[in-house]
Amino acid sequence: MTDFPNFQWAQVGYALLTLFIVINYGMVMTAVVRKIGARVGGRYGIPVWQNYVDLLKNIALRSKISHGVMYYLGPVFRLTGGVGLLMFVPTIYGSEWHQNFSYAGDLILALYFVFFGTLGMALGAGESGHPHSAIGVSRGLAQVTMAELPLALGVYALSLQYGTLDITKIVAAQQGSIFNWTLFTNPIATVAAMIAFVGTMMRSPFDVAMAPQEIPIGPPTEYHSSYLALMQTNRALFPVAKVVIYMNLFFGGATSWAEFAIKVFCLYMVSVVIGVVHPRFRVEQSIRFFLKWGLPIGVLAILVV
Amino acid sequence: MKDVDDKFRKNTDPVPMREELKPRSVTTPDGQTIEIEPLRDYFCDARPKVHPKAYSKIVEDFYNWARSNSLWILGFGTGCGAIEMRPLMTPRFDAYRYGIQWRPTPRQASLLVISGYLSVKTLKRAIRAYEQMPQPKYVMGLGSCTINGGMYWDSYNTIKQLDDYLPVDMYVAGCMPRPEALLHGFMELKKRIRSGKAEGANDYAENFDRYKANQKAVIKDWDMPDYNW
């Protein structure tokens, strides 16, 4: 399965470099998105380096309160989900440096890692003992599970279409022209997966897990200082890692960091733009939405392929 | 004049403990019988500790810079001053550009703004919110009511001087202070944090007995642990 003979220790360093670039990119991008939101609202908005200052402040807090082992492991699992997702997916196609640890079956592993962080968070937030955490996590799990359905169906349609579970090969098949992208060769699977994408980006209308005005602020209610800093890092990393998967599967991947930056930003803005014009779904509404629209489109994608 | 006038109180001394806070045995849905003691089970009642500064001055200064540029305010409004905080989030004053943000949970907040008069009932909640915040934490008193009682000077049920009960880092005078005054207060607080003088949380831990005695002198129905996280 894996070609271990080709493994070189330098790859570890290259992968860490990818991680470093992606975290910093995520930090700046989320701040820029918030700044754009502020400008649209007529405000000046936060400075673009605000995320770094917040992170540093949380690390610098002096008192920490732990609610137990799982409470401690929750953010760790969450970050593991983000890092793992990025590590096993080729970030820059054709680059020896940023190929990471992708191997023949990495698509399945990526699907697993998308879910992994939420599960870890459920265990951690559950132990914190705050009712808002438990409510937020149960809502989040229900919603992510449902959003996973169209994603999985779309991805299986893709692996049928390309006859492989290797993300690198799927990206390779889309090179050459913009019309080789899955977006054009298999639009139905793309639509199914994009429904899941919008559903898991923690933005309105699917932000009932956090629901700032309702159950302040859901799962991370009890998290503070370094625990929160870990989760902030993941908040910067995880959306970018998820967008990287979508970019690789449906939008032709990226062959350079510039292309990466532009494509990730555009894809991220899809969820932002949908978020600002739609009010929040209740959890049963979002589940119904995924079952009513996501699931049939996903099944159709499989049937058409 | 005493802070709270006892002659307006009902003659119920000591105040009986609320039913739901008494220790009791409960039968769980699966048939087990367990002993619960709400005041011990839900809270950690360890005393607050004095947390030392970072070993190196350069590191501490760097941390203080970060703390001052990332003030997270607890979304907790008492009295009429809470209405003055809302314009700060909107385009006219936009406090976000100074790194000031609002957080919904005390665990993630570093600044507690007591925005106006504080009735004894609210003082209890303010103390709990304050104690749940991680160190270092700052308190800002907004309006004359927190300084000397203001127009509630002879009220039977509001406290007059906030720093008897919580360590206050910054007062903003006025009735009500305008949002500009509030912003100015935040800027002054930032200077204080950067100079390393804003050690209210350590002050609270050092003089814990004095603060608790003051708090218990006005809060008659004290039905929580002395220190609750």
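**Entry 1: two helices of chain A**

I found that the axes of α1(A), residues 10-40, and α3(A), residues 69-87, come within 10 Å and cross at roughly 120°. The axes here are lines fitted to C-alpha atoms, for helices over the stretch in contact, and the angles run from 0 to 180 degrees between N-to-C directions. Helices (H or I, at least four residues) and strands (E, at least two) are DSSP runs, numbered from the N terminus.

I noted that this is a predicted model, in which local features need pLDDT of at least 70 and side-chain atom pairs count only at pLDDT 80 or more, while totals for chains, interfaces and linings use all residues. Residues are numbered from 1 along each chain as its sequence is written, and chains are lettered from A and ligands numbered from 1 in the order in which they are written.

The crossing of α1(A) and α3(A) is right-handed, a term used if the near helix is turned clockwise from the far one by less than a right angle, with left-handed for anticlockwise. I then listed the residues that meet, which are A:Ala15, A:Thr18, A:Leu19 and A:Val22 in α1(A) and A:Val83, A:Leu86 and A:Met87 in α3(A); contact requires C-beta atoms, placed from the backbone, within 7 Å. By class, this contact has six nonpolar, one polar and no charged residues, where Ala, Val, Leu, Ile, Met, Phe, Trp, Tyr, Cys and Pro count as nonpolar, Asp, Glu, Lys and Arg as charged, and the others, Gly among them, as polar.

I next looked up α5 (residues 131-162) and α8 (residues 187-199) of chain A, which pack at an angle of about 155° with their axes 8 Å apart. They are therefore roughly antiparallel to each other, and α5(A) passes α8(A) in a left-handed crossing. On the α5(A) side the contact includes A:Gln143, A:Ala147, A:Leu151 and A:Leu158, and on the α8(A) side it includes A:Ala189, A:Ala193 and A:Gly199. I recorded 12 nonpolar, three polar and one charged residues for this contact.

**Entry 2: cores and the chain contact**

I asked which residues touch the most other members of the largest nonpolar core. In this core of 119 residues they are A:Ala193, A:Tyr246 and B:Leu111, and helix α9 (residues 225-250) of chain A gives the most to the core, with 17 residues. A second, separate core of five residues includes A:Phe77, A:Met121, A:Ala125 and A:Val137. Such a core is a set of buried Ala, Val, Leu, Ile, Met, Phe, Trp, Tyr and Cys residues joined through C-beta atoms within 7 Å. A residue is buried if 20 or more other C-beta atoms lie within 10 Å of its own, exposed if 12 or fewer, and partly exposed in between.

Leaving out residues up to four places away in sequence, I found that B:Leu111 touches B:Leu71, B:Trp72, B:Ile73, B:Leu74, B:Tyr138 and B:Met140. The contact between the chains takes 19 residues from chain B and 28 residues from chain A, and the side of chain B that touches chain A has eight nonpolar, seven polar and four charged residues.

**Entry 3: backbone details**

I looked up two cis peptide bonds in chain B. One runs from B:Gln135 to B:Pro136, with omega near -10°, and B:Pro136 is in the loop between α4 (120-132) and β6 (138-142). The other joins B:Cys175 and B:Met176 with omega about -20°, and B:Met176 lies in the loop between β7 (170-172) and α5 (179-194) of chain B.

I also noted that A:Ser225, which is not a glycine, has a positive phi of about 40°; A:Ser225 is found in helix α9 of chain A and is buried, with 20 other C-beta atoms within 10 Å. B:Asp94 has a positive phi of about 45°, is found in the loop between α3 (82-89) and β4 (100-103) of chain B, and counts as buried with 20 C-beta neighbours inside 10 Å.

**Entry 4: B:Met17**

Is B:Met17 buried or partly exposed? I found that B:Met17 counts as partly exposed, with 14 C-beta neighbours inside 10 Å, and that its place is in the segment before β1 (24-27) of chain B. Leaving aside neighbours within four places in sequence, B:Met17 is in contact with B:Lys22 and B:Asp223.

Key
Angles under 35 degrees count as roughly parallel, over 145 as roughly antiparallel, 65 to 115 as roughly perpendicular and the rest as oblique. Two residues are in contact if their C-beta atoms, placed from the backbone, lie within 7 Å.
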